[in-house]
Amino acid sequence: MSTPATHGDTHLKTIGYILWIFGFTGAHRFYYGKQITGTIWFFTGGLFLIGWIVDLFLIPGMDRQADFRFQAGKLDYTLAWIFLTFLGLFGVHRFYMEKWITGIIYLISGGLFGLGWLYDLWTLNEQVDEINRTEV
């Protein structure tokens, strides 16, 4: 079954599996837009490693749901997540989304002292989705 024309392969299974290696932190769940369970995984070590192991088999389904839920467009979700993960405290992901003012604020304040970075961890998929939907 194919996805509608307005949706595409917004999230990559390869990245999901790479993040699964660190899945006890909830990284792969945040990537696929599952913030609540990502937070639970973060605080419980992947649901005491049991949920982490089960997720190995759930990633294809999470990937399909994310591809259907989020809009493909000019911004790439994976690239935005890489920027957030490795350079988020410097606001690089915000510059990528052309949010110049908050990008400069993050650059000066270390991602608003880490709190803005945490906020973006919860909302990055929605932020990219909103930009992609307005650019269509």
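Biologist: Are Asp-55 and Arg-29 buried or exposed?

Modeller: In this predicted model, the side chains of Asp-55 and Arg-29 meet in a salt bridge, with N to O at 2.7 Å. Asp-55 lies in helix H4 and Arg-29 in helix H2, so the pair ties together parts that are 26 residues apart in sequence. Buried means under 20% relative accessible area. By that cut-off, both Asp-55 and Arg-29 are buried.

Biologist: Which helices hold Arg-94 and Asp-120?

Modeller: Arg-94 and Asp-120 form a salt bridge, their closest N and O atoms being 2.7 Å apart. Arg-94 is buried, and so is Asp-120. The pair ties together parts that are 26 residues apart in sequence, because Arg-94 lies in helix H6 (residues 92-96) and Asp-120 in helix H8.

Biologist: Is Asp-129 buried or exposed?

Modeller: Asp-129 forms a salt bridge with Arg-133, and the closest N and O atoms are 2.8 Å apart. The two residues are four apart in helix H8, so about one helical turn separates Arg-133 and Asp-129. Arg-133 has a relative accessible area of 40% and is partly exposed. Asp-129, at 12% relative accessibility, counts as buried.

Biologist: Which side chain makes a polar contact with the side chain of Thr-123?

Modeller: Thr-123 lies in helix H8 (residues 115-134) and is buried, with a relative accessible area of 17%. A polar atom of its side chain lies 3.0 Å from the backbone oxygen of Tyr-119. At 2.7 Å, the side chain of Thr-123 also makes a polar contact with the side chain of Gln-127.

Biologist: Leaving aside neighbours within four places in sequence, which residues is Thr-39 in contact with?

Modeller: Thr-39 lies in helix H3 (residues 35-48). A polar atom of its side chain lies 2.8 Å from the backbone oxygen of Gln-35, but that residue falls within the four places left aside. The contacts that remain for Thr-39 are Phe-30 and Trp-122.

Biologist: What does the cover of the buried residues of H1 include?

Modeller: The buried residues of helix H1 (residues 13-20) are Gly-16, Leu-19 and Trp-20. They are on the same side of H1, because they cover an arc of only 110 degrees around the axis. Their cover includes helix H2 (27-31) and helix H4 (50-69).

Biologist: Which helix supplies the largest share of the nonpolar patch?

Modeller: The patch on the surface has about 870 Å² of accessible area together, and Ile-82 and Phe-90 are among its residues. Helix H5 (77-87) and helix H7 (100-113) each supply at least two residues. Ile-82 lies in helix H5 and counts as partly exposed at 37% relative accessibility. The largest share, four residues, comes from H5.

Terms used: Residues are numbered from 1 along each chain as its sequence is written. This is a predicted model: local features need pLDDT of at least 70, side-chain atom pairs count only at pLDDT 80 or more; totals for chains, interfaces and linings use all residues. Side-chain values use heavy atoms; hydrogens and water are left out. Buried means under 20% relative accessible area, exposed over 50%, partly exposed in between (1.4 Å probe, protein chains only). A polar contact is a pair of N or O atoms within 3.5 Å; within protein, one must be able to donate a hydrogen and the other to accept it, and residues adjacent in sequence count only if both atoms are side-chain atoms. Patches are made of residues with over 30% relative accessible area and no salt bridge: like charges are joined within 9 Å, nonpolar side chains (Val, Leu, Ile, Met, Phe, Trp, Tyr) within 5 Å. Accessible areas come from the Shrake-Rupley method with a 1.4 Å probe; for residues, only the protein chains shown count as cover. A salt bridge is a side-chain nitrogen of Lys or Arg within 4 Å of a carboxyl oxygen of Asp or Glu. The arc is that of the directions from the helix axis to the C-beta atoms. Contact means heavy atoms within 4.5 Å.
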